[in-house]
Protein chains: 2
Amino acid sequence: MTLYEQIKSDLQQGRLRPGTVLKQTELAQRYNVSRIPVRDALQRLKSEGWLAPHGKRGVAVPQFDPLEVEDLYWMRAQLEPLLLRFAADRLSGETLGRARDILDSMERQPDLSAAAIGDLNWQFHACLYRAAQRSTLFATVEQLNRQYERYIGYQSRSLDYQRTSQREHYAMLDALQKGDGEAAATLLERHIAAAGRKLLAHLRDSRS
Amino acid sequence: MTLYEQIKSDLQQGRLRPGTVLKQTELAQRYNVSRIPVRDALQRLKSEGWLAPHGKRGVAVPQFDPLEVEDLYWMRAQLEPLLLRFAADRLSGETLGRARDILDSMERQPDLSAAAIGDLNWQFHACLYRAAQRSTLFATVEQLNRQYERYIGYQSRSLDYQRTSQREHYAMLDALQKGDGEAAATLLERHIAAAGRKLLAHLRDSRS
DNA sequence: CCCCGTAAAAATGTATACATTTTTCAAAAG
DNA sequence: CTTTTGAAAAATGTATACATTTTTACGGGG
C-alpha cells in the first residue's frame, strides 16, 4: 500500500479527524518515511479534496460540508449523462459484459464495506464512460467521483437502498444493450440525483 | 517568479514543445534548482493539464487536442452559468464595481498579450463567481479555466473579436446590475459557446 | 536476421542535512 | 491590562547524497 493510500485510508476511517492540522514532520514519523514522499502525498490529497490549505502553509483535514456534496452531485448529474451518451454509440459487447460482471459480483457479495461498494460502483461507471473516448471529460468526472469518496462513509448501506441502486444500474445496462443511449442517460441522471439526496439526508441526520 | 510559473511560461511560449519528454534532471539544470521543487512543479502542472503522464514514469508535453477544447468549453458552458445564477442574488455593488473596473482596464489597454488578456478575462469572471460562495463548484470551474489556458495562444486577438467579446461582457454586467440573473446566465452560456467555436476554428486552421 | 536475456546507465524515488520562513511566546512599553 | 516587538522554536522549502527502478544497448543463441 502506497503512502498516499495509507493516509487516505486513515482519513476515510476517521483516524485523522476533521479540523486536524497536519504537519509533514508528524506524518513522516507516523508512517516511518521521510518528508519527501509525505509532501507528494499531501499535494495529491489536496488536489483531490481530501485535504484543504490551512493558512499560508500547511494543510488541514476539512470538515464535512453539505454544500460540497450538493455541488459534487449536481456537477455529476450534469456531466455524466453526457459522457454516457457519447459512450452509447461505441459500446462493444465485451465492455457491456464486463460492466455486467461488476454488477453481478456486487450482487454476489452481500456485505462489503462502504469503501468496497463505492469502488465497485465507480468501476462500473468508469468502464462504460471510458468507451466514450473523451479523456478530458472523463478525467473531470473521475476527479469529481474521487472527491466524493470522502463522504462514502455516510452512504446508506441499508439493504433497501442497495437493492434500489442495483436495480437502477441493471435498468441502465439493459437500455444500453437495446441501443437506447438516451434512455440510459436519463436513468443515469435520476440515479445520481437520487444518490445525492440520500447522501445529503444521511449527512444532515448524523451531524445535527 | 516561481518555478511553476517559469515552466508554465516556457510551455505557453513554445520553448517546451508538444511531444517533448521532460526529465527532472534536465529541468533542474535548466532552471538552476534541485529536483525537489521540480517534482512539485511537475505534479501541479500535470494536475492542471499542462503536462501528461508518459509511460510508467515521467511526463511529456501533450499535443494540442481539439477534442480537449470541445470538452472544456462544453463543461464550462454547463457549469459557469449555474455558478453565475447562484452569484446573482448575492452580488454587492462593490463586487459589480470591481468587475466593471477589470473590463474598463482591458478597454484602456489596446494591445495586451494573449496571456494577459486571458488572465484579466478570468479575473473578471472569477470576481463574479466568488460571490456565489460555492467553493467546490468554483474550484472545478477554476480548474477548467486553468486547463484551457494552454490553448490561449490560439485565441483570436483580432480587434474585431475582442470588441464582440467585450460587448458580451458588458451586456452580462448590465443584466446583473438590473438584477436579472437569468438573462446574464443565458448571455454567459452563449458567450462561452461562441468563444469555444472561435478557438476551435483557429486551432483547426493553424494546424491543418 | 531477429529475438531475447542480461548488464550498464540513466532516471526517478527516498533519506538526510541545511536554509528560509512562519509561528509562538514572553517581556517590555503604552 | 492590553498591545507590541523581537528572539527562540517549529515548520516548511530546498539541496545533496543514496537507493531503487526503468530503460537502453550489446552480445549470444535460435
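This is a predicted model: local features need pLDDT of at least 70, side-chain atom pairs count only at pLDDT 80 or more; totals for chains, interfaces and linings use all residues.
For the classes used here, Ala, Val, Leu, Ile, Met, Phe, Trp, Tyr, Cys and Pro count as nonpolar, Asp, Glu, Lys and Arg as charged, and the others, Gly among them, as polar. By these classes, the surface near DNA strand C has three nonpolar, five polar and seven charged residues.

**The surface near DNA strand C**

- Among the 15 residues around DNA strand C, those that come nearest are Val33(A), Ser34(A), Pro37(A) and Gly55(A), together with Gln24(B) from the other chain.
- Two helices, H3 of chain A and helix H2 (24-31) of chain B, each supply at least two residues of the surface near DNA strand C, and the largest share, four residues, comes from H3(A).

**The surface near DNA strand D**

- There are 15 residues around DNA strand D, and the nearest of them are Gln24(A), Val33(B), Ser34(B), Pro37(B) and Gly55(B).
- The elements that give two or more residues to the surface near DNA strand D are helix H2 (24-31) of chain A and helix H3 (35-47) of chain B, with H3(B) giving the most, namely four residues.
- Sorted by class, the surface near DNA strand D holds seven charged, five polar and three nonpolar residues.

**How chains A and B are related and where they meet**

- Chain A is superposed on chain B by a rotation of 180 degrees with 0.0 Å of shift along its axis, and the RMSD is 0.0 Å; that is the relation of a two-fold axis.
- In the contact between the chains, 14 residues of chain A are in contact with 14 residues of chain B.
- On the side of chain A that touches chain B, helix H3 (35-47), helix H4 (66-88) and helix H7 (135-148) of chain A each supply at least two residues, and H4(A) gives the most, with seven residues.
- The residues on that side of chain A divide into five nonpolar, five polar and four charged.
- Because 100% of the interface residues of chain A are also interface residues in chain B, the copies meet through the same surface.

**The sheet in each chain**

- In chain A, three strands form an open sheet in the order E1-E3-E2, with antiparallel pairing.
- Strand E1 (21-22) and strand E2 (52-53) of chain A stand at the edges and each has a single partner strand, so one side of each is left without a neighbour in the sheet.
- E1(A) and strand E3 (residues 59-60) of chain A run antiparallel and are joined by two bridges; in E3(A), Ala60(A) is the bridge partner of Val21(A).
- Chain B also has an open sheet of three strands, in the order E1-E3-E2 and with antiparallel pairing, and its edges are strand E1 (21-22) and strand E2 (52-53), each with a single partner strand, so one side of each lacks a neighbour in the sheet.
- E2(B) pairs with strand E3 (residues 59-60) of chain B in the antiparallel sense over two bridges, and the bridge partner of Pro53(B) in E3(B) is Val59(B).

**A bent helix in chain B**

- Helix H4 (residues 66-88) of chain B has 23 residues and reaches 32 Å from its first C-alpha to its last, which is close to the 33 Å expected at 1.5 Å a residue.
- Within H4(B), a kink of about 25 degrees lies at Ala77(B), shortly before the proline Pro81(B).

Conventions: Residues are numbered from 1 along each chain as its sequence is written. Chains are lettered from A and ligands numbered from 1 in the order in which they are written. A residue is near a molecule or strand if its C-beta atom, placed from the backbone, lies within 6 Å of it. Copies are superposed by least squares on the C-alpha atoms of residues with pLDDT of at least 70 in both. Two residues are in contact if their C-beta atoms, placed from the backbone, lie within 7 Å. Two strands pair if DSSP finds at least two bridges between them. The expected span of a helix is 1.5 Å times one less than its number of residues. The bend at a residue is the angle between axes fitted to the seven residues ending there and the seven starting there.
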